[in-house]
Amino acid sequence: MSTEYRNLKLEKRGHAAIVTLNNPPAHTWTVGSLKALTQLVRDLDADRSVYTLIVTGDGPKFFSAGADLKVFADGDKAVAREMGRRFGEAFEALAAFRGLSIAAINGYAMGGGLECALACDLRIAEEHAQLALPEATVGLLPCAGGTQNLPWLVGEGWAKRLILIGERIDAATALRIGLVEEVVPRGAALETALGWAQRTEGQSPTSVAACKQLIQGARSNPLKQLLPQEREAFVNLFDTLDQKEGVTAFLEKRKPEWRNG
């Protein structure tokens, strides 16, 4: 099925939601499409039947080339502030999605396109993909999480190579430095992501949500604070239907039927 979100296409396959970026030719972001992504993620968060969110680009060439630089041509700071706010809202909502999010990078992922992928939990790149954060080459900087999320994944050195030198990397290099988790042949990213989504369906969605919060919490909270929270989250799962179903299904040697609650 598809719904109406500006420059985005939504399709649901089982418990997976596929969000296809669709602003040809390069699937650049606009205020409208960023607002649409924010709303779309909120809608998927409210849909308990959705366990996995997959983001990909339409066609074989572009995941997303980021923002359209024509928006910034007149140097209007109000426009810049609005775009920055919308980028932040959209990608922070994506990062906070309660289930698993996967970027199926099917081509060029530049600037805000790569930052969209960085906001996802996992990244799959097709072998022809090119990735970069080239904002400083035009007098700008990555304002949608790039300077913060990239070094967390690849370390400060490689983050500085991409951002300060403006280095563009291919899929093989992205895999080697930990920017993506898998490289697949051309045209195979979405199906690979759907395969990962199917495997995720074997996990309790309430457990996945709790684990994701704890893992991401390590970025901004000390270990001594998160360890007690980890134990408390474990105990809190005993209030859920999924915990009861998971244990019962295991003991009865059958596949669990998750309720996501």
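The model is predicted. Its largest pocket has a volume of about 780 Å³, and the second largest pocket holds about 500 Å³ of space. Leu69 and Leu140 are among the residues closest to the centre of the second largest pocket, and both also belong to a nonpolar patch on the surface.

**Largest pocket**

- The lining of the largest pocket consists of 36 residues.
- Nearest the centre of this pocket lie Ala95, Ala96, Asp121, Lys212 and Gln216.
- Two or more lining residues come from each of helix H2 (77–95), helix H4 (146–165) and helix H7 (205–217).
- The biggest contribution is that of H7, with 11 residues.
- Sorted by class, the lining of the largest pocket contains 19 nonpolar, nine polar and eight charged residues.

**Second largest pocket**

- The second largest pocket is lined by 25 residues.
- Closest to the centre of this pocket are Ala67, Leu69, Phe72, Glu135 and Leu140.
- At least two lining residues are supplied by H2, and at least two by helix H3 (112–118).
- H2 has the largest share of this lining, with five residues.
- H2 is also one of the elements that give two or more residues to the lining of the largest pocket.
- By class, the lining of the second largest pocket is made up of 15 nonpolar, six polar and four charged residues.

**Surface patch and Leu140**

- A nonpolar patch on the surface is formed by Leu69, Val138 and Leu140.
- Together, these three residues have about 240 Å² of accessible area.
- Leu140 sits in the loop between strand S8 (130–132) and H4.

**Leu150**

- Leu150 is located in helix H4, one of the elements that give two or more residues to the lining of the largest pocket.
- Leu150 is classed as buried because its relative accessible area is 0%, and the cut-off for buried is under 20%.
- Along the chain, Leu150 and Ile54 are 96 residues apart.
- The separation between the C-alpha atoms of Leu150 and Ile54 is 20 Å.

Key:
Residues are numbered from 1 along each chain as its sequence is written. This is a predicted model: local features need pLDDT of at least 70, side-chain atom pairs count only at pLDDT 80 or more; totals for chains, interfaces and linings use all residues. Side-chain values use heavy atoms; hydrogens and water are left out. On a 1 Å grid over the protein atoms alone, a cavity is a set of points where a 1.4 Å probe fits but cannot get out, and a pocket is an open set with protein on both sides within 12 Å along at least five of seven lines; lining residues have an atom within 4 Å of a point. Grid points are joined across faces, edges and corners, and a volume is the space filled by probe spheres set on the points. Helices (H or I, at least four residues) and strands (E, at least two) are DSSP runs, numbered from the N terminus. Ala, Val, Leu, Ile, Met, Phe, Trp, Tyr, Cys and Pro count as nonpolar, Asp, Glu, Lys and Arg as charged, and the others, Gly among them, as polar. Patches are made of residues with over 30% relative accessible area and no salt bridge: like charges are joined within 9 Å, nonpolar side chains (Val, Leu, Ile, Met, Phe, Trp, Tyr) within 5 Å. Accessible areas come from the Shrake-Rupley method with a 1.4 Å probe; for residues, only the protein chains shown count as cover. A salt bridge is a side-chain nitrogen of Lys or Arg within 4 Å of a carboxyl oxygen of Asp or Glu. Buried means under 20% relative accessible area, exposed over 50%, partly exposed in between (1.4 Å probe, protein chains only).
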